[in-house]
Amino acid sequence: MKTKLMVVDQEVNLVDEVSKYFKKSGSIEVIKTACKLSETVEYYGECDVLLINMVLDGLESISIIEQYKRFNSEGIVIATSDFITSDLFGMVNKSDVKAS
């Protein structure tokens with residue numbers, strides 16, 4: 001059984017490249033690539049792993065993670081960022097997301 005992945009980042013080219021990389025693996029099915037919150041909602045229950053850039057426009061990344069975990073409490077979140085402020089890190093820790 002393939003792991004189902006959703007990739008979320010505001011950089012369209014990066015999302016496409018990451019998607020191509022995982023599709024080549026054979027064990028991961030990229031079920032959705034998205035650049036904003038409105039493109040993700042209908043896929044929360046379908047994916048096993050959410051790969052998301054924490055620095056999206058506004059605070060959409062926090063909203064996406066919180067909604068994803070409500071729909072899929074067993075789902076795995078991999079949050080990435082080139083830059084994260086202590087305020088943003090604190091918001092992640094206060095949400096239902098478990099940091100490790």
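Author: Start with what a helix is here. Helices are DSSP runs of H or I with at least four residues, numbered from the N terminus. Glu 60 has its place in one of them, helix H2. Keep in mind that this is a predicted model.

Reader: How many helices and strands does the chain have, and in what order do they run?

Author: The chain has three helices and four strands. From the N terminus on, the order is β-α-β-β-α-β-α.

Reader: How do you know where the prediction is confident, and where is confidence lowest?

Author: Confidence is given as pLDDT, which runs from 0 to 100. The chain has a mean of 82. Of its residues, 80% reach 70 or more. Strand S1 has the highest confidence, at 94. Helix H3, residues 86–94, has the lowest, at a mean of 58.

Reader: What should a reader do where pLDDT is low?

Author: Where pLDDT is low, the predicted coordinates should not be read in detail.

Reader: Back to Glu 60. Why is Glu 60 called partly exposed?

Author: Its relative accessibility is 25%. Buried means under 20%, and exposed means over 50%. The value for Glu 60 lies in between, so Glu 60 counts as partly exposed.

Reader: What does Glu 60 touch, leaving aside its neighbours within four places in sequence?

Author: Glu 60 is in contact with Lys 36 and Leu 37. Contact means heavy atoms within 4.5 Å. Glu 60 and Leu 37 are 23 residues apart along the chain, yet their C-alpha atoms are separated by 6.2 Å.

Reader: What makes the pairing of the Glu 60 side chain with the backbone nitrogen of Leu 37 a polar contact?

Author: The distance is one part of the test. A polar atom of the Glu 60 side chain lies 3.2 Å from the backbone nitrogen of Leu 37. The cut-off for a pair of N or O atoms is 3.5 Å.

Reader: What about Asn 72? Is Asn 72 buried or exposed, and how do you know?

Author: Asn 72 is found in the loop between helix H2 (60–71) and strand S4 (76–80). Its relative accessible area is 13%. The limit for buried is under 20%, so Asn 72 is buried. Leaving aside neighbours within four places in sequence, Asn 72 is in contact with Tyr 44 and Cys 47. A polar atom of the Asn 72 side chain also lies 3.0 Å from the backbone nitrogen of Gly 75.

Reader: Why is Ser 19 called buried?

Author: Ser 19 sits in helix H1. Its relative accessible area is 6%. That is under 20%, so Ser 19 is buried. Ser 19 touches Val 30 and Thr 33, not counting residues up to four places away in sequence. Of the 100 residues of the chain, 35% count as buried.

Reader: One last feature. Which residues lie nearest the centre of the second largest pocket?

Author: They are Asp 9, Leu 14, Asn 53, Thr 80 and Ser 81. The pocket is lined by 15 residues. Strand S1 (3–8), helix H1 (12–25) and strand S3 (49–53) each give two or more residues to this lining. By class, the lining has nine nonpolar, three polar and three charged residues. The volume of the second largest pocket is about 230 Å³.

Conventions. Residues numbered from 1 in each chain as written. Heavy atoms only, no water. 1 Å grid on protein atoms, 1.4 Å probe; cavity = no way out; pocket = protein on both sides within 12 Å on 5 of 7 lines; lining within 4 Å. Points joined across faces, edges and corners; volume = space filled by probe spheres on them. Nonpolar A, V, L, I, M, F, W, Y, C, P; charged D, E, K, R; others polar. Buried < 20%, exposed > 50% of the residue type's maximum accessible area, 1.4 Å probe, protein only. Polar contact = N/O pair within 3.5 Å; in protein donor to acceptor, adjacent residues only side chain to side chain.
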